Amino acid sequence: YVYLPSLIVTLIILIYATISTASYVRKVEQKAQRWKAKTTSVLTSTSSSSSPSSSPMPLTRTKQVATQGILYVVAFFLSQSVPILVTMFGLYDRVQYFGFHVYAAIVFPLQGFLNLLIFVR
């Protein structure tokens, strides 16, 4: 049970970092939209009398960053939770579960591969 608080704290930090990164990207994207709208309105008002379309563009970067951040957290949780559970069961029960060890031996090194898949997607 020693590792459970550290796992929870790590998960909370990862979720906070993901949310704050997505929030920052959203703010930057909204500023860019406002700047583009101002620039477009100035250019169209000087060249013609028609008003520019005021339909807001979708916040695609925000959605991409949020999705990628969530996928990184899921990949971390999938690869790190099983080895931590193996350690917790070994300390608490003094029983070694062979299936958990095999799963942990397969999944733990795959974190880098999962991160690669998320990065390249």
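Colleague: Let us start with Leu110: is it buried, partly exposed or exposed?
Modeller: In this predicted model, Leu110 has a relative accessibility of 35%, so it counts as partly exposed.

Colleague: And where is Leu110 placed?
Modeller: Leu110 sits in the loop between α3 and α4.

Colleague: Which residues form the nonpolar patch on the surface?
Modeller: The patch is made of Phe98, Val102, Ile106, Leu110, Phe113, Leu116, Leu117, Phe119 and Val120. Together they have about 940 Å² of accessible area.

Colleague: Which elements give two or more residues to that nonpolar patch?
Modeller: Those elements are α3, covering 98-107, and α4, covering 111-120. The largest share comes from α4, with five residues.

Colleague: Let me step back to the whole chain. How many helices and strands are there?
Modeller: The protein chain has four helices and zero strands. Read from the N terminus, the order of its elements is α-α-α-α.

Colleague: What percentage of the residues is buried?
Modeller: Of the 121 residues in the protein chain, 20% are buried.

Colleague: Now contacts. Among those with a separation of 6 or more, what share joins residues 24 or more positions apart?
Modeller: That share is 78% in the protein chain.

Colleague: Why is Leu11 called partly exposed and not buried?
Modeller: The relative accessible area of Leu11 is 24%. Buried means under 20%, and exposed means over 50%. Leu11 lies between these limits, so it is partly exposed.

Colleague: Which residues does Glu29 contact, leaving aside neighbours within four places in sequence?
Modeller: Glu29 is then in contact with Pro58, Leu59, Thr60, Arg61 and Thr62.

Colleague: Which residues form the positive surface patch?
Modeller: Lys27, Lys31, Arg34 and Lys38 form that patch. One of them, Lys27, lies in helix α1.

Colleague: One last residue. Where is Tyr103 found, and is it buried, partly exposed or exposed?
Modeller: Tyr103 is in helix α3. Its relative accessible area is 41%, so Tyr103 is partly exposed.

Colleague: How far is Tyr103 from Pro83, in sequence and in space?
Modeller: Tyr103 and Pro83 are 20 residues apart in sequence, and their C-alpha atoms are 8.6 Å apart in space.

Terms used: Residues numbered from 1 in each chain as written. Predicted model: local features only at pLDDT ≥ 70, side-chain atom pairs only at ≥ 80, totals over all residues. Heavy atoms only, no water. Contact = heavy atoms within 4.5 Å. Patch = residues over 30% accessible without salt bridge, like charges linked within 9 Å, V, L, I, M, F, W, Y side chains within 5 Å. Areas by Shrake-Rupley, 256 points an atom, 1.4 Å probe, with all protein chains shown as cover. Salt bridge = Lys/Arg side-chain N within 4 Å of Asp/Glu carboxyl O. Buried < 20%, exposed > 50% of the residue type's maximum accessible area, 1.4 Å probe, protein only. Lys, Arg positive; Asp, Glu negative; His and termini not counted. Charge placed at Lys NZ, Arg CZ, Asp CG, Glu CD.
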